[in-house]
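I am opening my notebook on a new structure. I will write down what I look up, entry by entry.

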Amino acid sequence: MSENTTTALDLDELRAIVADALELPKEEVTDEAHFANDLQVDSLMALEIVVHLEKRYGIKVAESEFKELSTLLQVRGLVESKLAGGK
Amino acid sequence: MITEIQGSWSLILGVSSGFGRATARALAERGGNVIGVHFDTSDGAEAAAKFADELRDLGASVHFFNLNAASASTRSEVVSRAAELAGMQGVRIVLHSLAFGSLLPFVPDEQDQGTISPRQMAMTVDVMAHSLVYWTQDLIAAGLLTRGAKIYGMTSAGSTQVLNSYGAVSAAKAALEAHLRQLAVELAPRGVAVNALRAGTTLTPALEKIPGSAAYADQCRARNPHRRLTEPEDVAEAIVLLSMSTSSWLTGNVIGVDGGELLTA
C-alpha cells in the first residue's frame, strides 16, 4: 500500500505504538499481520492499543470501532479518519 | 486494636467503577489516601479523572493511573510510586476489584456468538485472579505490606455457581479465592490479613455487560432477604470496618457481603 501524502500519520510511529502496547518487537507488527490470528492479541491487549492511540493522538475510539480492526493498516485508516473528522 | 483510616494509604485495583470506586470514596471520606489503577478509554478516563478530583476535594491525597493492572510494567511503575508516597508506613489496604473477562460460552449456543478461545480464557483468569498474586509479590518485595495491612479480593456467588456466559469468570473467581487462601496462610507470619469478599448481585458496569444480567438481577432482588440488591457502598462500608482493626486474626475467609442473598438461592 502506498503512503498517502495528504496525511501526516507516520506508519512506522503507529507500528511502534502498537508494538509497545503488545510488548512485541516492531518487526512482528507487519502491515498485514492479523492481530488475533498472527499476534495472539486478546481483548485486553486490544484495549492497550486503543488507550495508547487515544493518548498519543488525542482521539476517542469506541469499543465497537476497535472490534472491527485486525491489522496495522486498518488502525491507520481509523486514526486518519478520526484525525480528519476531529478538525 | 481499632485504628482510624485517617492518613493511611490504600491501593485500589479497579478504582474507576463498582466496588473499587465506592471503596475509594469511603476511604477518602475518612481521610484515607488513595492510589488507584483503572484502565479506561477516553470517556471513562475523563470520568475517572473527575472522580479523583472529587476525592481530593475531600482532603485526600489521590493518585490514579490509567494503566493495565495485569501488566508487569504497570506494577513496577505503581509500586515504586506507592513506595515514594506511603514510605515506611506502607499500604494499609489492597483491594483487587478487576472485572475484565470474556463472557463467551464454552460450547456453541443458539445465539451463535462464538465460543471462548484459549487466549481469552487465559486472559480472564490472569487479570481477574493471578494478577493479585503478582501485585502482592511486588508489594512485599517493596516492603509495603506491613503488620496490620489488609488484602481483599472481590469474588461472587459465581465462584461456586453456574451462570450463563460466566464460565471463564467463574473459573477466575474460584482461582482468586484459592489465591486468597494461600496468601492468607503465607502472609500470616507477617501479620497481614487476606480475605475474599463475596458481594451479592450488584448493578455495577461489570454486571451489566453480562448477557441476561437484568433478568438475573430481578431474581436476586426478589429472593434477597432484604428485598434489594447489594450496593457498591455496602461493600465499601464492610472494607472500611474490617480495615480499622490492626489484627490479622480475621483472615483466610470468604466473607459474604450480600444481605443474605446466597442463603435463599
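Entry 1: I started with R227(B), which sits in the loop between α7 (213-223) and α8 (232-243) of chain B. Helices here are DSSP runs of H or I with at least four residues, strands are runs of E with at least two, and both are numbered from the N terminus. R227(B) is not a glycine, yet its phi is positive, about 60°. Is R227(B) buried or exposed? R227(B) counts as exposed because its relative accessibility is 55%. Buried means under 20% relative accessible area, exposed over 50%, and partly exposed in between, with a 1.4 Å probe and protein chains only.

**Entry 2: ground rules.** I noted that this is a predicted model, where local features need pLDDT of at least 70, side-chain atom pairs count only at pLDDT 80 or more, and totals for chains, interfaces and linings use all residues. Residues are numbered from 1 along each chain as its sequence is written, chains are lettered from A and ligands numbered from 1 in the order in which they are written, and side-chain values use heavy atoms, without hydrogens and water.

**Entry 3: another one.** I found D112(B) in the loop between β4 (93-96) and α4 of chain B. Its phi is near 55°, again positive in a residue other than glycine. D112(B) has 65% relative accessibility, so D112(B) counts as exposed.

**Entry 4: one helix.** I checked the length of helix α2 (residues 42-57) of chain B. Its 16 residues, at 1.5 Å each, should span 22 Å, and the end C-alpha atoms are 23 Å apart, which agrees. The expected span is 1.5 Å times one less than the number of residues. Which residues of α2(B) are buried? They are S42(B), A48(B), F51(B), A52(B) and L55(B). These buried residues pack against α1 (18-29), β2 (33-38) and β3 (62-66) of chain B, and also against α3 (43-57) of chain A. After α2(B) comes G59(B), with a positive phi near 100°.

**Entry 5: chain A.** I counted five helices and zero strands in chain A. Of its 87 residues, 45% are buried. I also looked at contacts (heavy atoms within 4.5 Å). Among those between residues at least 6 apart in sequence, 55% join residues at least 24 apart.
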